[in-house]
Amino acid sequence: MDLWVEEYQTKDMVIACRVKRTLHEEKTPFQELAVVDTDQFGRMLLLDNVIQTTIKDEFVYHEMISHVALNTHRSPAKVLVIGGGDGGVVREVVKHQSVEKVVHCEIDGAVIEAARKFLPEISCSLDHPKVEIIVDDGIKHVRDHKNSYDVIIIDSTDPVGPAEGLFSAAFYQDIFASLTDGGIFVAQTESPFFNGDLIKRIHQDVAGIFPLTRLYLANVPTYPGGLWTFTMGSKKYDPLQADHTQMAGLDTKYYSPDIHFSAFVLPPFVQALLK
Ligand code: SAM
(Lines give C-alpha, C1' and ligand atoms only; values in the text may rest on other atoms or scores of the structure.)
Protein backbone atom coordinates (compact mmCIF):
# COMPACT_ATOMS: atom_id res chain seq x y z
CA MET A 1 0.00 0.00 0.00
CA ASP A 2 1.20 3.53 -0.81
CA LEU A 3 1.15 5.45 2.51
CA TRP A 4 2.06 9.15 2.82
CA VAL A 5 2.41 11.52 5.76
CA GLU A 6 1.24 15.06 4.97
CA GLU A 7 1.90 18.26 6.89
CA TYR A 8 -0.02 21.40 5.98
CA GLN A 9 2.91 23.80 6.33
CA THR A 10 0.55 26.67 5.54
CA LYS A 11 -3.15 26.36 4.82
CA ASP A 12 -2.27 26.35 1.10
CA MET A 13 0.89 24.22 1.04
CA VAL A 14 1.62 20.62 1.92
CA ILE A 15 4.85 18.66 2.38
CA ALA A 16 4.31 14.94 1.90
CA CYS A 17 6.67 12.03 2.46
CA ARG A 18 6.17 8.39 1.55
CA VAL A 19 5.93 6.27 4.71
CA LYS A 20 7.68 2.92 4.89
CA ARG A 21 6.27 2.06 8.30
CA THR A 22 4.40 3.67 11.17
CA LEU A 23 6.47 2.95 14.27
CA HIS A 24 4.40 4.63 16.97
CA GLU A 25 1.20 6.62 17.44
CA GLU A 26 -0.06 8.02 20.73
CA LYS A 27 -2.32 10.74 22.10
CA THR A 28 -0.48 12.33 25.02
CA PRO A 29 -2.11 14.83 27.43
CA PHE A 30 -0.54 17.59 25.30
CA GLN A 31 -0.49 16.47 21.66
CA GLU A 32 -0.78 13.73 19.04
CA LEU A 33 2.59 12.02 18.78
CA ALA A 34 3.76 9.88 15.87
CA VAL A 35 7.03 8.35 14.73
CA VAL A 36 7.12 7.12 11.12
CA ASP A 37 9.90 5.74 8.94
CA THR A 38 10.12 7.47 5.56
CA ASP A 39 12.13 6.82 2.41
CA GLN A 40 13.29 10.42 2.02
CA PHE A 41 14.22 11.50 5.56
CA GLY A 42 14.43 8.27 7.56
CA ARG A 43 12.61 8.13 10.90
CA MET A 44 10.58 11.23 11.62
CA LEU A 45 8.91 12.63 14.77
CA LEU A 46 5.57 14.40 14.30
CA LEU A 47 3.56 16.29 16.91
CA ASP A 48 0.01 17.24 15.95
CA ASN A 49 0.98 16.25 12.40
CA VAL A 50 3.82 18.79 12.28
CA ILE A 51 7.32 17.48 11.48
CA GLN A 52 9.60 18.09 14.48
CA THR A 53 12.76 16.33 13.48
CA THR A 54 14.04 13.68 11.08
CA ILE A 55 17.10 11.44 11.10
CA LYS A 56 18.42 12.90 7.80
CA ASP A 57 18.26 16.65 8.50
CA GLU A 58 18.13 16.98 12.32
CA PHE A 59 21.80 17.91 12.61
CA VAL A 60 21.29 21.30 10.96
CA TYR A 61 18.72 22.53 13.46
CA HIS A 62 20.24 20.94 16.57
CA GLU A 63 23.76 22.18 15.87
CA MET A 64 22.65 25.66 14.92
CA ILE A 65 20.32 26.24 17.87
CA SER A 66 23.05 25.06 20.28
CA HIS A 67 26.58 25.98 19.21
CA VAL A 68 26.09 29.60 18.16
CA ALA A 69 25.03 30.69 21.66
CA LEU A 70 27.36 28.32 23.51
CA ASN A 71 30.37 29.58 21.54
CA THR A 72 29.31 33.20 21.99
CA HIS A 73 29.33 32.85 25.80
CA ARG A 74 32.95 32.65 26.93
CA SER A 75 32.46 29.78 29.42
CA PRO A 76 28.91 28.43 29.70
CA ALA A 77 28.66 26.17 32.76
CA LYS A 78 24.92 25.90 33.44
CA VAL A 79 22.58 25.44 30.48
CA LEU A 80 18.79 25.15 30.35
CA VAL A 81 17.05 23.49 27.39
CA ILE A 82 13.30 24.15 27.18
CA GLY A 83 11.29 21.76 24.99
CA GLY A 84 13.51 19.65 22.74
CA GLY A 85 12.08 16.35 24.00
CA ASP A 86 13.83 14.45 21.21
CA GLY A 87 17.17 15.14 22.96
CA GLY A 88 18.99 16.59 19.93
CA VAL A 89 19.89 19.86 21.64
CA VAL A 90 21.08 18.09 24.78
CA ARG A 91 23.34 15.90 22.59
CA GLU A 92 24.97 19.03 21.16
CA VAL A 93 25.23 20.91 24.49
CA VAL A 94 27.18 18.13 26.23
CA LYS A 95 29.86 18.38 23.51
CA HIS A 96 31.05 21.58 25.24
CA GLN A 97 33.81 20.98 27.80
CA SER A 98 32.91 24.03 29.92
CA VAL A 99 29.33 22.83 30.49
CA GLU A 100 28.92 21.36 33.97
CA LYS A 101 25.15 20.91 34.06
CA VAL A 102 22.33 20.74 31.52
CA VAL A 103 18.78 21.03 32.83
CA HIS A 104 16.32 19.74 30.24
CA CYS A 105 12.75 20.96 30.87
CA GLU A 106 10.22 19.32 28.53
CA ILE A 107 6.48 19.55 29.18
CA ASP A 108 5.60 16.18 27.62
CA GLY A 109 7.41 13.11 29.00
CA ALA A 110 5.93 10.97 26.20
CA VAL A 111 8.10 12.78 23.63
CA ILE A 112 11.23 11.88 25.61
CA GLU A 113 10.16 8.24 25.89
CA ALA A 114 9.34 7.95 22.17
CA ALA A 115 12.69 9.54 21.24
CA ARG A 116 14.57 7.14 23.52
CA LYS A 117 12.90 4.19 21.83
CA PHE A 118 12.67 5.21 18.18
CA LEU A 119 15.30 7.96 17.68
CA PRO A 120 18.39 6.75 19.58
CA GLU A 121 20.75 8.68 17.28
CA ILE A 122 19.13 11.91 18.51
CA SER A 123 18.29 11.02 22.12
CA CYS A 124 21.64 9.32 22.82
CA SER A 125 22.87 11.85 25.42
CA LEU A 126 19.74 12.09 27.59
CA ASP A 127 21.39 9.82 30.17
CA HIS A 128 24.66 11.76 30.18
CA PRO A 129 25.79 12.37 33.80
CA LYS A 130 25.64 16.16 33.34
CA VAL A 131 21.97 16.04 32.26
CA GLU A 132 18.98 16.49 34.58
CA ILE A 133 15.56 15.91 32.98
CA ILE A 134 12.56 17.76 34.39
CA VAL A 135 9.10 17.07 32.96
CA ASP A 136 7.39 20.42 33.47
CA ASP A 137 6.29 23.62 31.77
CA GLY A 138 9.33 25.67 30.75
CA ILE A 139 7.43 28.89 31.47
CA LYS A 140 6.99 27.90 35.10
CA HIS A 141 10.55 26.59 35.42
CA VAL A 142 12.06 29.85 34.23
CA ARG A 143 9.82 31.89 36.54
CA ASP A 144 10.99 29.79 39.52
CA HIS A 145 14.74 29.91 38.72
CA LYS A 146 16.24 33.39 38.90
CA ASN A 147 19.91 34.07 38.09
CA SER A 148 20.50 30.37 37.40
CA TYR A 149 21.64 29.74 33.81
CA ASP A 150 24.46 30.96 31.55
CA VAL A 151 22.68 29.88 28.37
CA ILE A 152 18.98 29.08 27.79
CA ILE A 153 17.95 27.30 24.57
CA ILE A 154 14.27 27.28 23.62
CA ASP A 155 13.62 24.34 21.29
CA SER A 156 9.86 24.64 21.13
CA THR A 157 7.00 23.56 18.93
CA ASP A 158 5.17 26.24 16.91
CA PRO A 159 3.49 29.05 18.89
CA VAL A 160 0.21 27.25 19.56
CA GLY A 161 -0.96 25.15 22.51
CA PRO A 162 1.57 24.71 25.36
CA ALA A 163 4.30 26.51 23.38
CA GLU A 164 2.33 29.73 22.83
CA GLY A 165 3.66 31.38 25.99
CA LEU A 166 7.25 30.54 24.96
CA PHE A 167 6.95 33.30 22.33
CA SER A 168 5.65 36.07 24.65
CA ALA A 169 7.36 39.23 25.92
CA ALA A 170 6.53 38.25 29.53
CA PHE A 171 8.42 34.99 29.01
CA TYR A 172 11.48 36.80 27.58
CA GLN A 173 11.44 39.03 30.67
CA ASP A 174 11.50 35.91 32.88
CA ILE A 175 14.30 34.48 30.72
CA PHE A 176 16.33 37.65 31.34
CA ALA A 177 15.86 37.21 35.10
CA SER A 178 16.75 33.51 34.91
CA LEU A 179 20.07 34.21 33.16
CA THR A 180 23.28 35.01 35.01
CA ASP A 181 25.35 38.13 34.22
CA GLY A 182 26.60 37.70 30.68
CA GLY A 183 23.80 35.19 29.96
CA ILE A 184 22.45 34.45 26.49
CA PHE A 185 19.24 32.88 25.24
CA VAL A 186 18.33 31.59 21.82
CA ALA A 187 14.97 30.46 20.44
CA GLN A 188 13.77 28.95 17.20
CA THR A 189 11.60 31.66 15.65
CA GLU A 190 10.04 30.08 12.57
CA SER A 191 10.13 30.90 8.84
CA PRO A 192 10.96 34.34 7.40
CA PHE A 193 8.73 33.50 4.39
CA PHE A 194 5.63 32.53 6.35
CA ASN A 195 6.02 34.03 9.85
CA GLY A 196 7.41 37.51 9.18
CA ASP A 197 5.04 39.28 11.57
CA LEU A 198 5.93 36.90 14.40
CA ILE A 199 9.68 37.31 13.80
CA LYS A 200 9.31 41.09 13.76
CA ARG A 201 7.31 41.14 17.00
CA ILE A 202 9.74 38.78 18.77
CA HIS A 203 12.71 40.87 17.66
CA GLN A 204 11.09 44.03 19.05
CA ASP A 205 10.16 42.32 22.33
CA VAL A 206 13.66 40.90 22.86
CA ALA A 207 15.32 44.20 21.88
CA GLY A 208 13.20 45.93 24.52
CA ILE A 209 14.64 43.64 27.24
CA PHE A 210 18.18 42.61 26.21
CA PRO A 211 21.12 44.93 25.42
CA LEU A 212 21.88 42.87 22.30
CA THR A 213 19.46 41.10 19.93
CA ARG A 214 20.57 39.16 16.87
CA LEU A 215 18.82 36.98 14.31
CA TYR A 216 20.50 34.26 12.28
CA LEU A 217 19.52 31.68 9.67
CA ALA A 218 19.95 28.03 8.77
CA ASN A 219 18.47 25.73 6.13
CA VAL A 220 16.29 22.93 7.44
CA PRO A 221 14.73 21.05 4.50
CA THR A 222 11.70 19.68 6.36
CA TYR A 223 10.62 23.00 7.94
CA PRO A 224 8.22 25.30 6.08
CA GLY A 225 10.12 27.20 3.41
CA GLY A 226 13.42 25.53 4.33
CA LEU A 227 15.01 28.75 5.57
CA TRP A 228 14.68 28.99 9.36
CA THR A 229 15.31 31.80 11.88
CA PHE A 230 16.80 31.80 15.35
CA THR A 231 16.59 34.84 17.63
CA MET A 232 19.22 35.49 20.28
CA GLY A 233 19.10 37.87 23.25
CA SER A 234 22.39 38.53 25.02
CA LYS A 235 23.27 40.47 28.18
CA LYS A 236 26.90 41.06 27.20
CA TYR A 237 28.50 38.87 24.53
CA ASP A 238 28.08 39.53 20.81
CA PRO A 239 28.06 36.43 18.56
CA LEU A 240 29.84 38.50 15.89
CA GLN A 241 32.76 38.98 18.31
CA ALA A 242 32.96 35.30 19.28
CA ASP A 243 36.36 33.69 19.70
CA HIS A 244 37.36 31.48 16.73
CA THR A 245 39.62 29.30 18.88
CA GLN A 246 36.70 28.37 21.16
CA MET A 247 34.80 26.99 18.14
CA ALA A 248 37.44 24.59 16.92
CA GLY A 249 37.28 20.85 17.53
CA LEU A 250 33.51 20.37 17.75
CA ASP A 251 32.24 17.25 16.01
CA THR A 252 29.60 18.81 13.71
CA LYS A 253 28.17 18.41 10.21
CA TYR A 254 26.65 21.87 9.57
CA TYR A 255 28.05 24.28 12.17
CA SER A 256 31.61 25.52 11.70
CA PRO A 257 33.47 28.72 12.60
CA ASP A 258 32.68 30.15 9.14
CA ILE A 259 29.01 29.18 9.40
CA HIS A 260 28.88 30.76 12.88
CA PHE A 261 29.54 34.17 11.36
CA SER A 262 27.92 33.75 7.94
CA ALA A 263 24.60 32.70 9.54
CA PHE A 264 24.19 36.34 10.62
CA VAL A 265 24.42 37.64 7.03
CA LEU A 266 20.78 38.35 6.27
CA PRO A 267 19.11 38.87 2.90
CA PRO A 268 17.42 42.28 2.60
CA PHE A 269 13.90 40.83 2.96
CA VAL A 270 14.88 39.38 6.35
CA GLN A 271 16.72 42.56 7.39
CA ALA A 272 13.52 44.46 6.61
CA LEU A 273 11.68 42.44 9.26
CA LEU A 274 14.04 43.79 11.92
CA LYS A 275 13.71 47.49 11.12
N1 SAM B 1 12.79 21.37 16.52
C2 SAM B 1 11.39 21.31 16.58
C3 SAM B 1 10.66 22.25 15.66
O4 SAM B 1 11.05 23.42 15.49
O5 SAM B 1 9.69 21.80 15.08
C6 SAM B 1 10.91 21.30 17.97
C7 SAM B 1 11.18 19.94 18.53
S8 SAM B 1 10.87 19.62 20.17
C9 SAM B 1 10.18 18.00 19.98
C10 SAM B 1 9.58 20.67 20.74
C11 SAM B 1 9.12 20.27 22.14
O12 SAM B 1 8.66 21.44 22.85
C13 SAM B 1 7.94 19.30 22.17
O14 SAM B 1 8.40 18.04 22.63
C15 SAM B 1 6.93 19.94 23.14
O16 SAM B 1 6.32 19.00 23.99
C17 SAM B 1 7.82 20.93 23.87
N18 SAM B 1 7.10 22.04 24.52
C19 SAM B 1 6.07 22.76 24.02
N20 SAM B 1 5.66 23.69 24.92
C21 SAM B 1 6.47 23.56 26.00
C22 SAM B 1 6.54 24.23 27.25
N23 SAM B 1 5.69 25.23 27.58
N24 SAM B 1 7.50 23.85 28.14
C25 SAM B 1 8.37 22.84 27.83
N26 SAM B 1 8.33 22.16 26.66
C27 SAM B 1 7.39 22.52 25.76
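Student: In which helix does phenylalanine 269 lie?
Tutor: Happy to start there, and keep in mind that this is a predicted model. The helix in question spans residues 268–271. Phenylalanine 269 therefore belongs to helix α10.

Student: Is phenylalanine 269 buried, partly exposed or exposed?
Tutor: Its relative accessibility is 37%. Buried would need under 20% and exposed over 50%. Phenylalanine 269 therefore counts as partly exposed.

Student: Which residues make the nonpolar surface patch of about 290 Å²?
Tutor: Phenylalanine 269 is one of them.

Student: Why does aspartate 205 count as buried?
Tutor: Leaving out residues up to four places away in sequence, aspartate 205 touches Ala169 and Tyr172. The cut-off for buried is under 20%. Aspartate 205 counts as buried because its relative accessibility is 19%.

Student: Which element gives the most residues to the largest nonpolar core?
Tutor: Good one! This core has 37 residues, and Met64, Val79, Val93, Val102, Ile153, Tyr216 and Phe230 touch the most other members. Elements giving two or more residues include α2 (88–93), β9 (149–155) and β11 (212–219). The top contributor, with eight residues, is α1.

Student: How many residues are in the other core, the one with Val103 and Ile175?
Tutor: That core lies apart from the largest one. Ala187 and Leu198 are also among its members. Its residue count is 23.

Note on methods:
Residues numbered from 1 in each chain as written. Predicted model: local features only at pLDDT ≥ 70, side-chain atom pairs only at ≥ 80, totals over all residues. Heavy atoms only, no water. Core = buried A, V, L, I, M, F, W, Y, C linked by side-chain atoms within 4.5 Å. Buried < 20%, exposed > 50% of the residue type's maximum accessible area, 1.4 Å probe, protein only. Helix = DSSP H or I, 4+ residues; strand = E, 2+ residues; numbered from the N terminus. Patch = residues over 30% accessible without salt bridge, like charges linked within 9 Å, V, L, I, M, F, W, Y side chains within 5 Å. Areas by Shrake-Rupley, 256 points an atom, 1.4 Å probe, with all protein chains shown as cover. Salt bridge = Lys/Arg side-chain N within 4 Å of Asp/Glu carboxyl O. Contact = heavy atoms within 4.5 Å.
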